[in-house]
Amino acid sequence: TADAMDSVARSLPALWRADKLQSKAAKAGFEFPDVSGALDKLDEETQELRSAVENGTNFEEELGDVLFAAVKVGRFCGVDPEAALSKTCEKFIARFRRVEEACAARGAEMSSLPLDELTRLWNEAKHPTE
């Protein structure tokens, strides 16, 4: 019911709020039967975001739809969306630092290297040999 949706605090971080809203909807019977439906929805929303970027319209709405659909997949997999994104942020920071260090070891500024070289360093940072 609308009252159930209104009971989800607007003050929650958006990913948690999406999770709670989806949980309320599922309790009301509005749920995919399994994760494949959620994955299909995520693919659909990603395509809509791609179209929005290509057409130069609706960026925010379509990105929001992708994030909402990703939270749905996470719910099926038992993943806390805030925790997942926080861990990914920390992983990004660690990899970025390794790229910075690799650049410094070469005596080069990151901004002076071509993207293909930065991408190669990024891929190496994903799989450190330490």
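In the predicted model, the side chains of Asp19 and Arg75 meet in a salt bridge, with 3.7 Å from N to O, where a salt bridge is a side-chain nitrogen of Lys or Arg within 4 Å of a carboxyl oxygen of Asp or Glu. This pair links distant parts of the chain, since Asp19 belongs to helix 2 and Arg75 to helix 4, 56 residues apart; helices (H or I, at least four residues) are DSSP runs numbered from the N terminus. Asp19 is partly exposed, with a relative accessible area of 21%, and Arg75 is likewise partly exposed, at 24%, the term buried being kept for values under 20%, exposed for values over 50% and partly exposed for those in between (1.4 Å probe, protein chains only). Asp19, Glu31, Lys72 and Arg75 are linked in a network of salt bridges.

Residues are numbered from 1 along each chain as its sequence is written. Because the model is predicted, local features need pLDDT of at least 70 and side-chain atom pairs count only at pLDDT 80 or more, whereas totals for chains, interfaces and linings use all residues, and side-chain values use heavy atoms, with hydrogens and water left out.

A search of the whole structure finds eight salt bridges. One of them joins Glu44 to Lys41, with the closest N and O atoms 3.1 Å apart; the two residues are three residues apart in helix 3, and so are separated by about one helical turn. Glu44 is partly exposed at 37% relative accessibility, and Lys41 is partly exposed at 30%. In helix 6 (residues 115-126), Glu124 and Arg120 are four residues apart, again about one helical turn, and form a salt bridge whose closest N and O atoms are 2.2 Å apart.

Helix 4 (residues 59-77), which carries Arg75, has 19 residues and reaches 27 Å from its first C-alpha to its last, close to the 27 Å expected at 1.5 Å a residue, the expected span being 1.5 Å times one less than the number of residues. Its buried residues are Glu62, Val66, Ala69, Val71, Lys72, Val73 and Gly74, and what covers them includes helix 2 (14-27), helix 3 (35-55) and helix 5 (81-106), contact meaning heavy atoms within 4.5 Å. Just after helix 4, Gly78 takes a positive phi of about 70°.

The largest pocket has a volume of about 260 Å³. Here a pocket is an open set of points on a 1 Å grid over the protein atoms alone, where a 1.4 Å probe fits, with protein on both sides within 12 Å along at least five of seven lines, and lining residues have an atom within 4 Å of a point; a volume is the space filled by probe spheres set on the points. Of the 13 lining residues, the closest to the centre of the largest pocket are Phe30, Phe32, Lys41, Phe68 and Lys72. Helix 4 gives the most to this lining, with four residues, and the lining as a whole has seven nonpolar, one polar and five charged residues, where Ala, Val, Leu, Ile, Met, Phe, Trp, Tyr, Cys and Pro count as nonpolar, Asp, Glu, Lys and Arg as charged, and the others, Gly among them, as polar.

In the second largest pocket lies about 190 Å³ of space, and its lining includes Leu15, Val71, Gly74 and Pro81. Helix 4 also gives the most to the lining of this second largest pocket, with five residues, and the lining divides into nine nonpolar, one polar and no charged residues.
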